[in-house]
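Please read the following briefing alongside the sequence and the coordinates. It is arranged by topic, and each term is given with its cut-offs where it first matters.

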Amino acid sequence: MTAKPAAQARRIRWRKTKSDLMMGVTVLATVIALLPLFIILAYLVTKGASSLNLAFFTHMPAPVGEKGGGMANAIVGTLELIGLASLMGVSLGIGAGLYLAAHRGSRFATVARFGADVMMGVPSIVVGIFAYTVVVRPMGGFSTLAGAVALAVIMMPLVTRTTEEMLLLVPQELREAALALGVPDWRTTLWVVARTAAGGIATGVILAIARIAGETAPLLFTAFGNRFWSTSLTSPIASLTVQVYTYAISPFPDWQRQAWAGALVLTTIVLALELGVRWLTRGSAHVAR
Amino acid sequence: MGTFHVRLLGDRIFNLTTLLLTLVGLSILVGLVIALVLNSALSLKAFGWGFVVGTDWDPVNERFGALPFIYGTLVSSALALTIAVPLSLGVAMCLSEMAPVWLSRRLGFMVELLAAIPSVVYGLWAIFVLGPWLRDRVEPALGATLGFLPLFQGPHVSVSMLCAGVLLAIMVVPYVAAVCTDVFRAVPQAQREAALALGATRWEMVRIAVLPYGLSGVIGAIMLGLGRALGETIAVAMVIGNSPRISASLFEPSATLASVIANEFAEATSSLYLSSLVELGLVLLAVGLLLNIVARTLVLRATQGRFGSEG
C-alpha cells in the first residue's frame, strides 16, 4: 500500500459520505411513498366529513338536482354482497385450505396450490366478465347473486392460502398427541389443529373481506347498481363502491360531495378491518396477498 | 369392530368433502379461462390475429381492434413502474437495512394501509386533487423543460395518460415495496457481516451483499407490481380519459384494456361488440397469468426457507 495516508483518509471520508447520502435517499423515498397516504386521508376527512350526516346512512339517494339524500341502499347492498360472497368464498377457501395442508407433497395438492396462487393474479375485472358469463347471462339480468359470485371468486384463493399457511404453523406434536389419544384423524384436524389455527384463519378471512369490500370493477356488470331499495338476490343491487364511482364521475357538485362522504365511509370500514386485525395479531401472522 | 369402521368412514367423508371443495376451486379457474375463450369466439372468428394489431375501435361500424388499449395498458404500466420501482427499492432498503425494528414495523404498517385503500377512493382523489395538480403544476413544468420530446407536448388536461401513470405508481408502490422488503430480509445475515468485515460502508454492503443476493426476488416483485398495474381497472378508468387513440404524448387521454371493459361492457349492444370486449379480457388474462406465474416462482425462490411456500 503506497497510498498516502491523507489521500486514504479522504477516500474513506468520501465513501462514508456517499453511504450516508444513499441512506438518506432511501429515507426520502420512504417519505415520498408514504406521503399520498396522509394526503388522501386528510382529503377524505376534510371533504368527506363535511358531507357526512345521519341522512347519509338512513336516506335513499336523492334525484338529480335535489339536495340531500344518502346511500342507505348502497350500505345495505355492500353488506349483503359481502355476506353472500363470504358464505361461498370462505367455505370453499377453508375447505380447500384444509385439503392442501393435509395433503402436502401430493401432486394434486401442488397443482391446486399453484392454481390458487395463479387465481390471485387474475385481474378483478376479468373475474367480473366470468361472473357475467356464468350468472348474468343464464339468469337474464344483473343480480346480487352475480356480484356475490364475482367477489367470492376473488376471496377464495386468499382464504385458501392463508388457511393452509396457518394450519402448517400448528406444531406437529399437537396433532400427534391427539392421534395418540385415539381421536380420529378428521376430528383431530377440525377440533385440535384447525381450532389452534382459528385466530390466524379468522385474520385471513377478515383481510379477504376488507379486500372485497373495496372492489368496484367486478361489480360493474354483475351487481350493476340500483337507485332504489332492493335486497332481492335476483335483481341488481347498489354497493358503496359502485355508488362512489358513479357519483365521482358525475358532473353534479352535490353528487360529488356525496362521493367523498361515501369514500370516507368505505375507507373507514376497510381500514378499521385492517387495523383491527393487525392490532389483534401484532407481528405474528403473515398472510397471503 | 364397528366403531373402527365408523371412524374410517368419518375420515373418508372429511377427506372427500375437502377434496370436493378444492376441486370446485380449481374448476373455477379452469372454467374462467374456458368461459372467456368461448364467449370471445365470435370476435376471434371475425378478426383472428388481426384483433391484436387492429387500431380501429368503432362500435358503430362493428370494427374492433385491441392495439390502442394494449398500447395504453403498456405505456401506463411502464410509466407507473418507472416511478414506482426506484421508490419501492428505497422503501425496502430503508425498512430492512436502515430503520430500527420498532420504526420499521410502524412504517411497514403504513405501507400496508396504503395498499388497503380501495381503488375507487384513489380514483376519486385523483379526479379532484391529483389530476388538477398535475395539469396546473407538473405538466407546464415538464412542457417547459422537456417539451422538445414528443412525450411532453400538447394541451394540459387533467385526465391523461400521465395522471393514470402517476396514480398507478402510487398504488403499486406498497405491493412492490412489501415484497422487496421480504426479499431483502431473507438475505442471510452472514452476507452482510462478511461485507462489513471487509470494511464496506453500509451502502457498499447493500450494493455488494444484499442487492445481488435478492436480485431475482426483486425482479419478481417488479413483475407482481406490473401485474397489478396492468389489471387495475376502476382508478385508471376514472382518470385516463378513455379515448381509444394511440398518441405519443403523455398529456393526451388514452384507454387501457381494463378501463375500456369497465366503461363499455354493460352498454355493449351487439353480440360482436360484447365478444370483442370479452376478448380484450382474454388478452388481459393471458398477460396477467404469464406475469404472475413467472413472478411468483422468482419471489418464492428468493424468500424460500423464510416463509415456507409463501409467495
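Residues are numbered from 1 along each chain as its sequence is written, and chains are lettered from A and ligands numbered from 1 in the order in which they are written.

**Confidence**

- The predictor assigns the complex an ipTM of 0.92 and a pTM of 0.92.
- Chain B has a mean pLDDT of 91, with 95% of its residues at 70 or more; pLDDT is the predictor's confidence in each residue, on a scale from 0 to 100.
- Residues 305–311 of chain B have a pLDDT below 50, and beyond near neighbours in sequence this stretch makes 10 contacts in the model, a contact being a pair of residues whose C-beta atoms, placed from the backbone, lie within 7 Å.
- Where pLDDT is low, the predicted coordinates should not be read in detail.

**Chain A as a whole**

- Chain A has 11 helices and 0 strands, where helices (H or I, at least four residues) and strands (E, at least two) are DSSP runs numbered from the N terminus.
- The radius of gyration of chain A is 25 Å, whereas a compact globule of 289 residues would have a value near 19 Å; the radius is taken over C-alpha atoms, and the globule rule is 2.2 Å times the number of residues to the power 0.38.
- The C-alpha trace of chain A spans about 85 × 65 × 35 Å along its principal axes.
- Of the 289 residues of chain A, 49% count as buried, which requires 20 or more other C-beta atoms within 10 Å of the residue's own, while 12 or fewer make a residue exposed and values in between make it partly exposed, with C-beta atoms placed from the backbone.
- Among contacts in chain A between residues at least 6 apart in sequence, 72% link residues at least 24 apart.

**Chain B as a whole**

- Chain B has 12 helices and 2 strands, and from the N terminus on its elements run α-α-α-β-β-α-α-α-α-α-α-α-α-α.
- The C-alpha trace of chain B spans about 70 × 70 × 35 Å along its principal axes, and 50% of its 311 residues count as buried.
- Of the contacts in chain B with a separation of 6 or more, 75% are between residues 24 or more positions apart.

**Where the chains meet**

- In the contact between the chains, 70 residues of chain B meet 69 residues of chain A.
- Helix 1 of chain B gives the most to the side of chain B that touches chain A, with 18 residues.
- The residues on that side of chain B divide into 46 nonpolar, 18 polar and 6 charged; Ala, Val, Leu, Ile, Met, Phe, Trp, Tyr, Cys and Pro count as nonpolar, Asp, Glu, Lys and Arg as charged, and the others, Gly among them, as polar.
- Leu38(B) lies in helix 1 (residues 2–39) of chain B and counts as partly exposed because it has 13 C-beta neighbours inside 10 Å.

**Core and enclosed helix**

- The largest nonpolar core has 186 residues, and those with the most contacts inside it are Leu167(B), Val176(B) and Val239(B); such a core is a set of buried Ala, Val, Leu, Ile, Met, Phe, Trp, Tyr and Cys residues joined through C-beta atoms within 7 Å.
- Helix 7 (residues 161–185) of chain B supplies the largest share of this core, 20 residues.
- Leaving aside residues up to four places away in sequence, Leu167(B) touches Tyr122(B), Ala126(B), Leu130(B), Ala235(B) and Val239(B).
- Helix 10 (residues 240–248) of chain A is largely enclosed by the rest of the structure, because 9 of its 9 residues are buried.
- The buried residues of helix 10 of chain A pack against helix 3 (72–102) and helix 11 of chain A, together with helix 6 (119–146) and helix 10 of chain B.

**Single residues**

- Gln258(A), in helix 11 (residues 253–280) of chain A, counts as buried because it has 27 C-beta neighbours inside 10 Å.
- Glu62(B) lies in the loop between strand 1 (57–58) and strand 2 (63–64) of chain B, and its phi is near 55°, a positive value in a residue other than glycine.
- Asn242(B) lies in the loop between helix 10 (234–239) and helix 11 (257–264) of chain B, and its phi is near 50°, again a positive value in a residue other than glycine.

Technical notes
Predicted model: local features only at pLDDT ≥ 70, side-chain atom pairs only at ≥ 80, totals over all residues. Contact = placed C-beta atoms within 7 Å.
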